[in-house]
Amino acid sequence: MHRAQEDHRSATFPALTHGLLADLKPVFGAEDGRPFIFASTGTGMWEAALTNTLRPGDRLLAARFGQFSHLFIDTAERLGFHVEVIDLEWGEALDPSALEERLSADASHEIKAVLLVHNETATGVTNDVAGIRAAMDAAGHPALLLVDGVSSIGSLEFKFDAWGVDVAICGSQKGFMMPAGLGMLCVSPQALSRIETAGFPRAYFDLRPQLLHNDQGYFPYTPALAHLYGLREALDMIAEEGMSAIAARHARLAEGVRRAVAAWGLRFCARDPERRSNTVTAIVVPEGADARRVIEAAAARWDLALGSGLGRLNGRVFRIGHLGDLNPLMLLAAIGGAELALLDAGIPVMPGSGVAAAQRWYHESA
Ligand code: PLP
């Protein structure tokens with residue numbers, strides 16, 4: 001990423017743009033879908049997804065089960081959409097049959113889109129996108145499926161085409177192993193056909209000038225050049241390892257963390273073991289303990305960054321992120337550090353118990 005700025009209107013620039021857009025497709029699991037890149041973050045991509053495919057005031061359906069599904073809904077509401085919310089306990093996944101029931105009752109097809117966070121980073125829950133698409137199909141409902149893959153795409157298997165996703169949303173700072181600063185989308189042909197008729201006022205996030213310029217190998221504005229070179233490297237690394245191998249590595253790494261949590265005798269925020277995330281684990285502290293003390297001790301005494309409990313989970317959970325450029329030894333250090341910080345916060349765990357459980361798993365699964 002340490003490059004001098006270069007002429008982004010030069011005759012040679014299109015090679016970079018075309019390569020990035022083409023190589024993003026397999027990461028999304030898309031052949032038909034069309035990728036877009038913005039100087040932005042995941043939040044901007046929520047706005048781009050909503051404003052380019054829907055009409056002002058449209059009715060949408062979304063489940064809320066953590067801080068990011070809450071903020072996706074909040075973004076849509078602030079843009080003036082009417083969002084019907086299925087409120088779940090934070091730590092639960094969306095049950096496809098609940099969605100099917102609601103969509104089947106919408107005989108006049110008032111609901112224009114379903115908003116779904118694939119991997120809820122706040123609770124460590126991964127939703128079943130294939131199951132949700134199957135539920136939409138079973139209800140015979142034409143709503144678009146807009147999926148936030150900020151903490152899944154590039155780390156977990158994501159099957160844009162096979163799952164019938166209409167817009168997938170992500171950012172550069174998680175599975176792409178980069179600093180924050182790029183927002184990325186993948187848009188299905190069906191969703192793309194709505195761009196002209198969407199009728200929503202758009203400016204920076206309008207996909208139409210992107211289409212025009214990207215086709216020529218350029219961007220409508222000054223692109224974040226350093227980030228584009230970072231993305232070039234990230235896509236090369238992802239292609240070298242392969243998406244299936246990356247997903248398998250994340251599954252193995254995550255299982256070590258889960259075994260450590262079980263050895264500590266602590267609870268997972270994610271209720272259903274089947275839906276526990278392979279990119280982040282949210283751990284509930286015992287009643288009367290304060291997770292903020294664990295996070296503070298980890299940072300101050302052990303130089304370890306644990307994730308905080310977001311929104312209503314503040315003080316109740318701490319999170320271990322396990323995605324991107326990561327191997328078992330790096331994670332064993334984090335598990336060891338979390339043990340020390342738990343002890344600092346007065347939460348009695350057996351020193352070495354989590355590390356030993358994870359070590360055993362990494363050893364036997366090697
Ligand atoms: N969606 C999910 C699942 C996230 O984890 C995040 C951020 O962590 C966002 C959306 C928001 O993205 P950003 O912070 O890049 O704007």
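How many bridges join strand 2 to strand 3, and how do these strands run? In this predicted model, in which local features need pLDDT of at least 70, side-chain atom pairs count only at pLDDT 80 or more, and totals for chains, interfaces and linings use all residues, strand 2 (residues 59–64) and strand 3 run parallel and are joined by six bridges. Residues are numbered from 1 along each chain as its sequence is written, and side-chain values use heavy atoms, with hydrogens and water left out.

Strands (E, at least two residues) and helices (H or I, at least four) are DSSP runs numbered from the N terminus; two strands pair if DSSP finds at least two bridges between them. An open sheet is formed by seven strands in the order 1-9-8-7-4-2-3, with mixed pairing. Strand 1 (34–39) and strand 3 (82–87) are the edge strands, each pairing on one side only. From one strand to the next, the twist averages 20°.

Axes are lines fitted to C-alpha atoms, for helices over the stretch in contact, and angles run from 0 to 180 degrees between N-to-C directions. Helix 1 (residues 14–28) lies across strand 1, strand 8 (167–171) and strand 9 (182–187), and runs at about 110° to strand 1. Helix 5 (residues 129–138) lies across strand 4 (111–117) and strand 7 (144–148), running at about 165° to strand 7.

The structure holds nine aromatic pairs. Rings of Phe, Tyr and Trp (its six-membered ring) pair if their centres lie within 6.5 Å; planes under 30 degrees apart count as stacked, over 60 as edge-to-face and the rest as tilted. W46 and F72 form a stacked pair, at 5.4 Å centre to centre and 10° between the planes. Because W46 lies in helix 2 (residues 42–53) and F72 in helix 3 (residues 67–78), this pair ties together parts that are 26 residues apart in sequence. W46 is buried (under 20% relative accessible area; exposed is over 50%, partly exposed in between; 1.4 Å probe, protein chains only), at 4% relative accessibility, and F72 is buried at 1%.

Y204 and F205 form an edge-to-face pair, with 5.1 Å centre to centre and 70° between the planes. Y204 is partly exposed at 38%, whereas F205 is buried at 15%.

Notes
Contact means heavy atoms within 4.5 Å.
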